[in-house]
Amino acid sequence: MQNKAKIDFIVNLHKKNSQRLGFIPKSRVEQYVNDNQVFIAKEGGLESGFCIVGSGKGLDLKIYQHCIEEDLRRLSIGKKLFNDVECVARKKGYENITLRCRENLEANKFWEALQFVNYGFENKITQRTKKGILKWIYQIKNPKQYSFFEVKYGS
């Protein structure tokens, strides 16, 4: 998938889910794509979701956004996409993956199901949402260790 196609897909899916996602300008999405900070999920050969991660500081990798097409949720696509992120994070030596999520979103159940632990609350209530933000952390299992599959076949 070419960078322009990735950018267009992310921007379009972001627009469809703007009530659930924080705003990221298209120019910033372009930068994330060009800096290889974007993971794309596919289902049946078609793009079905994306995950944007930070450039990484210290031992923590931050997920900025993780979004799956609404009609494809609950089909394990989001989990597969997260597994790709975790695999790369492990290879790069990160020990944790962190993210922030509005307290009123169903996505919090998803993160909890993936064994993220809620470690705090930001009382960052906006006029639009009137909700605070939950802070989540995931401890990478066996950081800096790879399975045979990851070493032989991973990216």
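This report describes a predicted model, taking in turn a strand, a helix and the cysteines.

## Strand β4 and its partners

Strand β4, which spans residues 96-102, is mostly covered, with 6 of its 7 residues buried. Strand β3 (residues 60-68) pairs with β4 in the parallel sense over 3 bridges, and within this pairing D60 has N96 of β4 as its bridge partner.

For R100, the bridge partner in β6 is K135.

## Helix α2 and its covered face

Helix α2 covers residues 26-34, and V29, Y32 and V33 are buried in it. Viewed down the axis of α2, its buried residues fall within an arc of 100 degrees, and they therefore line one face of the helix. Among the elements that cover these buried residues are helix α1 (3-16) and the strands β1 (38-43), β2 (46-53) and β3.

After α2 comes N36, a residue whose phi is positive, near 55 degrees.

## Cysteines

C51 counts as buried because its relative accessibility is 0%, where the cut-off for burial is under 20% relative accessible area. C87, with a relative accessible area of 14%, is buried as well. With a disulfide taken as a pair of cysteine sulfur atoms within 2.5 Å, the count of disulfides in the model comes to 0.

Terms used. Residues are numbered from 1 along each chain as its sequence is written. This is a predicted model: local features need pLDDT of at least 70, side-chain atom pairs count only at pLDDT 80 or more; totals for chains, interfaces and linings use all residues. Side-chain values use heavy atoms; hydrogens and water are left out. Buried means under 20% relative accessible area, exposed over 50%, partly exposed in between (1.4 Å probe, protein chains only). Helices (H or I, at least four residues) and strands (E, at least two) are DSSP runs, numbered from the N terminus. Two strands pair if DSSP finds at least two bridges between them. The arc is that of the directions from the helix axis to the C-beta atoms. Contact means heavy atoms within 4.5 Å.
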